[in-house]
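Thanks for coming. I will take a few minutes to walk through one model, and please hold comments until the end.

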Amino acid sequence: MPNEPTTRATRTWLVSYSGSTPGMMVEVGDGTTRVGRGPQNDLVMQGPEAANVSLQHLEIVRDGDSIRIRDLGSTNGTYVNGEPVTEAELSAPAKIRFGSMGPELMFTAEDPGKGQFDRTLQITEPILPPMPIPVVSPVSHSETYEGLLARAVARARHARSRGLHGQTMTIMRETLHHALRRTHRRLHWTIGVLAAGLIAMAGLSAWKIATLDKEKGTIDQRIQDTEAKLEKTSGDLEQSDRLIEELTKYQTQAEQLQRSVFYRFRGHEKEDFLTQEIRALMAEFGAEAYSVPPDFATRVQHYVEQYQGPNRSLVAHVLTDSAPQLKTMQNILKQEQLPPDLAFIPLVESALAPNESSSAGARGPWQFTPATARNFGLRVDKNVDERTDLVKSTRASAKYLRELLLDFGAGSSVMLALAAYNSGQARVKQAVMNTVKDPIKQRNFWYLYRVNALPNETREYVPRVVAAMVIGRNPHRFGF
């Protein structure tokens, strides 16, 4: 069966033959041909008349023999054969003008090299035969970029000598294209090397991350084992100190692993929500540690369950009915540069009942004894008891907490201040000094907790307050 003849699409060109850019032309092939004043266009309009041309003025989209012209939102508009168009079919021959008074292009299907165009378009300007612009020959691998540039300059000068001033940008784009193609060939090898390097790095990273996981798992297990041994020391300070030294060493190793670049890319194990919240609070209180004693976390969990169960009504009262008072206390604590979560101390002390009194004579939301209240500026006598005044008692408590913080120093001082708020400065200090002789260790809450240096009541009080804080920060999470 004979082959059917193949139909070729008609070739078309855009040609400028007047004004400052006579003889400038570009073939309109399949795809999009853009025209405008900006250098990114396929045909760049230059000279004084180009003032009417926008940076991106119009585009011609060709698909086989289907050709459409589209204005790109230009300032002065696009005219085809004297008619303004936004988008229209385009057929050769046609005259395209940039604005009503701007430069013109001829859209033609006649090879510009054959001379005259269709005279029906009433072209009055003389037609200059376009000079064939030499095609850039294949670039040798040895030719330098300086050589490419020199050849491009020579071509541009040759074009200008023949009156083809508008070809400079076209020549430079062709030169850049060839330079980029050669660069791409060189980049193939570079990219291959980089890809091999990345694969090697990925393998190294995977191996390193696996090693980190194994090391961290080993360290975490040692920490757990050491914490378990500490809970069984039964007040043996010498044995506790030895175990705490081991624990400190393991924690330091774990913290160093966490600072590794590779550690950031590993999949981290997720802690339970309660542990995360305890860590967040400890970080805010300056008592952050890699390992929180399991016994402490267990006691916090215990009191959370208490607040959700038997003591639910007290917590609900504070978080709902007394929410405005809670907000007032938090604002006062903020003004005094203290953690606002300390406002949950009264939840444990009195459930914010202003007239709540204890067997020891403490009264009010913050449960001040008469002596402590007077010491911090509150009036307590037969006629007036300012311990029941929420604002005044909160300001007095802020002064007391600030004094405790200053007394117990830096580090985990907020936790020690909580301990002292419950049982008093003197009692905490005495219990600590009777157990621990090292003044540095006397200021470390977690050390004191692990070696059972704090009074039993205080060891329970701090987890109770922390549990109240955790619920107060996340009431909906715990059903309030």
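This is a predicted model: local features need pLDDT of at least 70, side-chain atom pairs count only at pLDDT 80 or more; totals for chains, interfaces and linings use all residues.

Residues are numbered from 1 along each chain as its sequence is written, and side-chain values use heavy atoms, with hydrogens and water left out.

The chain first. The protein chain has 14 helices and eleven strands; these are DSSP runs, H or I of at least four residues for helices and E of at least two for strands, numbered from the N terminus. Of its 480 residues, 42% are buried, where buried means under 20% relative accessible area, exposed over 50%, and partly exposed in between, with a 1.4 Å probe and protein chains only. The accessible surface comes to about 25,900 Å², and 53% of that belongs to carbon and sulfur atoms; areas come from the Shrake-Rupley method with a 1.4 Å probe, and for residues only the protein chains shown count as cover. Among contacts with a separation of 6 or more, 56% are between residues 24 or more positions apart, a contact being heavy atoms within 4.5 Å.

Now the sheet. Six strands form an open, antiparallel sheet in the order β2-β1-β11-β10-β7-β8, and two strands pair if DSSP finds at least two bridges between them. The edge strands, β2 (24-28) and β8 (83-85), each pair on one side only.

I will stay with β11. On one side, four bridges join β10 (residues 94-98) to β11 (residues 104-108), including Ile96 with Leu105 and Ala94 with Phe107. β10 and β11 form a hairpin with five residues between them, and Gly99 in the turn has a positive phi of about 75 degrees. Three bridges join β1 (residues 12-16) to β11, also antiparallel; here Leu14 is the bridge partner of Phe107.

How many of the five residues of β11 are buried? Five of the five are, so β11 is largely enclosed by the rest of the structure. Glu104, Met106 and Thr108 point one way, and Leu105 and Phe107 the other.

Next, the rings. A search of the whole structure finds eleven aromatic pairs. Rings of Phe, Tyr and Trp (its six-membered ring) pair if their centres lie within 6.5 Å; planes under 30 degrees apart count as stacked, over 60 as edge-to-face and the rest as tilted. Phe296 and Phe445 are edge-to-face, at 6.3 Å centre to centre with 85 degrees between the planes. Phe296 lies in α5 (residues 294-308) and Phe445 in α13 (residues 445-450), so the pair ties together parts that are 149 residues apart in sequence. Both Phe296 and Phe445 are buried.

Phe376 and Tyr400 make a tilted pair, 5.1 Å centre to centre and 45 degrees between the planes. Phe376 sits in the loop between α9 (370-375) and α10 (390-408), and Tyr400 in α10, 24 residues apart. Phe376 and Tyr400 are both buried.

Tyr421 brings me to the last item, as one of the buried residues of α11. Helix α11 (residues 413-423) is mostly covered, with ten of its eleven residues buried. Gly424 follows α11, and its phi is positive, near 95 degrees.
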